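Biologist: I'm new to this one. Could you walk me through how to read it, feature by feature?

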Amino acid sequence: MDQSINFQVLFSSLWHVGSGLGVPGQIDDQNVRDEGGFSRLPGTHLRGLVRESCFQLAEYLNQSQVACEGQRTIRAGGAPSPADLSHHGEQPCLICRLFGSPLIKGSLWFSDAQYNAEFRATINDLKIGSKQDGYVSTHVALDRQTQRARANQLYNTEVVDPDLA
């Protein structure tokens, strides 16, 4: 049985989901963009946020059986062994059933979050050529020992202003 839940994502501060690509001489890390040139949140990113919220809720409610040892290892940034994810012949944990694991396909699917049609039409009507929905934020890398900026370590990251969305 397929179910669909539509929701609205609201940001309270600048946000950035990096594409891993840059614009030489301008931006070191550009936002993920859709075919229309607008910033978007990939479904995989949303899925990870919901998965993490489920972990936090389970911990708060002291429901350790919600996640198997393999899922705890993934959450900690490690690589679980197949034995940790196998559930030893028992029914998979709730997190594995919902979100999946390297051994089990999850039952939830998340599409990308994109701007609504009204916002897109407004930007197109204004004839903003670049469809710019954010700006470039400049950062420096800090030396952990001296707490000062490192030489030649200036970075430009594209961020989206929630007031523009």
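Modeller: A pocket here is an open set of points on a 1 Å grid over the protein atoms alone, with protein on both sides within 12 Å along at least five of seven lines, whereas a cavity is a set of points where a 1.4 Å probe fits but cannot get out. Grid points are joined across faces, edges and corners, and the volume is the space filled by probe spheres set on the points. Before we go on: this is a predicted model, where local features need pLDDT of at least 70, side-chain atom pairs count only at pLDDT 80 or more, and totals for chains, interfaces and linings use all residues. Residues are numbered from 1 along each chain as its sequence is written, and side-chain values use heavy atoms, with hydrogens and water left out.

Biologist: Which residues line the second largest pocket?

Modeller: Lining residues have an atom within 4 Å of a point. Here they are Gly43, Thr44, Arg47, Phe99, Lys105, Gly106, Ser107, Leu108, Trp109 and Phe110. Helix H1 (residues 43–60) gives the largest share, 3 residues. Helices are DSSP runs of H or I with at least four residues, strands are runs of E with at least two, and both are numbered from the N terminus.

Biologist: How does that lining divide by class?

Modeller: Ala, Val, Leu, Ile, Met, Phe, Trp, Tyr, Cys and Pro count as nonpolar, Asp, Glu, Lys and Arg as charged, and the others, Gly among them, as polar. The lining of the second largest pocket has 4 nonpolar, 4 polar and 2 charged residues.

Biologist: And how much space lies in the largest pocket?

Modeller: About 1,000 Å³. The largest pocket has 30 lining residues, and Asn6, Phe7, Gln8, Val9 and Ala113 lie nearest its centre. Its lining splits into 18 nonpolar, 9 polar and 3 charged residues.

Biologist: Where would I look for buried residues?

Modeller: Leu85 counts as buried because its relative accessibility is 3%. Not counting residues up to four places away in sequence, Leu85 touches Cys68, Gly70, Gln71, Ile74, Pro80, Cys96, Ser101, Pro102 and Leu103. Asp34, in the segment before H1, is also buried, at 8%. With that sequence cut-off of four places, Asp34 touches Arg40, Gln114 and Arg120.

Biologist: How should I read a backbone phi value?

Modeller: Most residues other than glycine have a negative phi. Gln147 has a positive phi of about 60° although it is not a glycine. Gln147 lies in the loop between strand S1 (134–142) and strand S2 (149–160), and is exposed at 56%. Asn152, in strand S2, has a positive phi near 60° too, and counts as exposed at 78%.

Biologist: Now zoom out. How many helices and strands are there in the protein chain?

Modeller: There are 5 helices and 2 strands, running α-α-α-α-α-β-β from the N terminus on. Along the principal axes, its C-alpha atoms fill a box of roughly 55 × 50 × 30 Å.

Biologist: What share of the 165 residues is buried?

Modeller: Buried residues make up 28%.

Key: Buried means under 20% relative accessible area, exposed over 50%, partly exposed in between (1.4 Å probe, protein chains only). Contact means heavy atoms within 4.5 Å.
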